[in-house]
Each structure stands twice: as structure tokens, then as C-alpha cells.
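Let's take a walk through this protein together, with the sequence and the 3D view side by side. We will begin with charged side chains and work towards the overall fold.

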Amino acid sequence: MKQFLLLILFGLPFLGFSQEMTTAKLYEIIEQEADTVKTNGNQYQFLYNNAMLICVFDENANRMRIISPIVEREKLGEEELLNALVANFHSALDVKYALSDEIIWSVYTHPLKELSEHQVIDAIQQVYAAAITFGNTYSSTNLVFPGNTKKTEKPKPKILNKT
């Protein structure tokens, strides 16, 4: 009975107060964080510390992305691409490196309505950090999950011919 009363006293006030992010609120947050913002249909293009970021959203699908172009694919070697894949597991955290239209991007995706203001700000910072650290630490924050953080060459096994 005490547990039920505690739930009523402390739990009920929080029901119904969930964050519901809108594109207007998303714009306000980006405008506060960015150097400049331009709107174009379902996207906001903005500069953050002189880096270009784009927020693309689809209210009907309840999705949003914050992305930043990094480099053209043709300018990269295999080692940089492999390091980016390793970073996706260890050091890119909420942001991932991705390839689209022959451009490497840092990408953050999330359901739109469920976003909090803090998550939007954190996403902007992580997308920016992942973009500027590409080719070096490949990281979106100072936090790194344990394990191998750089791709290393391992000797290839010799294929034995059957005789």
C-alpha cells in the first residue's frame, strides 16, 4: 500500500509531461547554437564553429538527422575508411561515419518527437567533433569505449594448397 501511495505522490506528476520536439523548437535550438542558419524546405543548414552542418527532418516519419560533410571518398585510402568503421564502434558514440553520394559524413539520427533540447545540443557538438577529428582521433567526444581504436594490419594467413 505504501508503494502505491508513493507512486501516486511522486510518479503521477511526471505522467504526461514528456518532451515533444517540434521543427519550430528544433529551429530555435539550432539558431541559439549556430553561427548562421538557413532554412530550405525540410532542412536547416547552419554553420557551427565555421563547419557546415545540416539538420534534415521528416515530421511524418518522426525522424531527424544532423549531418556534416567531411571529405570526398576518392580522396581517402582504405586505412582511413577502416579507421572510421572502427571508430563507429569505439569512439564515434552517438554519431556515425557514413558514405553517401561519394562523400563521407558524420551523422546523428534520432526520432524527432522524442528529442530533448539537451540531445539536440549534444548532437550538434558530436557531429561537429566527429567531422573535425576525422583522420586523426575519429571521435565525437572524449569518451572512448575500450578496445582497439585504430585499424592495424595483421599478417594475412597463407593459403595452403591441397596436394
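The model shown here is a predicted one. It contains 2 salt bridges. Counting one takes a side-chain nitrogen of Lys or Arg within 4 Å of a carboxyl oxygen of Asp or Glu.

One of them is formed by Lys-25 and Glu-117, with 3.6 Å from N to O. Lys-25 belongs to helix α2 and Glu-117 to helix α4, so this pair ties together parts that lie 92 residues apart in sequence. Another salt bridge joins Glu-72 to Lys-75, with 3.8 Å from N to O.

| Residue | Relative accessibility | Class |
|---|---|---|
| Lys-25 | 28% | partly exposed |
| Glu-117 | 32% | partly exposed |
| Glu-72 | 35% | partly exposed |
| Lys-75 | 57% | exposed |

**The overall plan**

Now step back to the whole chain. The protein has 4 helices and 6 strands. Read from the N terminus, its elements follow the order α-α-β-β-β-β-α-β-β-α. Of its 163 residues, 34% count as buried. Among contacts between residues at least 6 apart in sequence, 60% join residues at least 24 apart. The accessible surface comes to about 11,100 Å², and carbon and sulfur atoms account for 55% of that.

**The sheet, strand by strand**

The 6 strands make an open sheet in the order β1-β2-β3-β4-β6-β5, with antiparallel pairing. At the edges are β1 (36–40) and β5 (96–100), each of which pairs on one side only. From one strand to the next, the twist averages 30 degrees.

β1 and β2 pair in the antiparallel sense over 5 bridges, and Val-37 has Phe-46 in β2 as its bridge partner. The hairpin of β1 and β2 has 2 residues between the strands, and in this hairpin Gly-41 takes a positive phi near 65 degrees. Is β1 covered or in the open? Of its 5 residues, the number buried is 0, so β1 lies largely in the open.

Further along the sheet, β3 (residues 51–58) and β4 (residues 63–72) run antiparallel and are joined by 5 bridges. Cys-55 finds its bridge partner in β4, namely Ile-66. β4 also pairs with β6, in the antiparallel sense, over 9 bridges. If you want to find this pairing on screen, look for Ser-68, which stands opposite Ser-106 in β6.

β5 and β6 pair in the antiparallel sense over 5 bridges, among them the one where Leu-99 has Ile-104 in β6 as its partner. The hairpin of β5 and β6 has 2 residues between the strands, and here Asp-101 takes a positive phi near 50 degrees.

Which strands does helix α2 lie across? Helix α2 (residues 23–33) lies across β1, β2 (43–48), β3 and β4, and runs at about 15 degrees to β2. Helix α4 (residues 117–133) packs on the sheet too, touching β2, β3, β4, β5 and β6 (103–111). The direction of α4 makes about 15 degrees with that of β4.

Which side of α2 is hidden? Buried residues in this helix are Thr-23, Leu-26, Ile-29 and Ile-30. These four cover an arc of only 120 degrees around the axis, which puts them on the same side of α2. What covers the buried residues of α2 includes β1, β2, β3, β4 and α4.

Note on methods
Residues numbered from 1 in each chain as written. Predicted model: local features only at pLDDT ≥ 70, side-chain atom pairs only at ≥ 80, totals over all residues. Heavy atoms only, no water. Pairing = 2+ DSSP bridges. Axes fitted to C-alpha atoms, helices over the stretch in contact; angles between N-to-C directions. Contact = heavy atoms within 4.5 Å. Buried < 20%, exposed > 50% of the residue type's maximum accessible area, 1.4 Å probe, protein only. Areas by Shrake-Rupley, 256 points an atom, 1.4 Å probe, with all protein chains shown as cover. Arc of directions from axis to C-beta.
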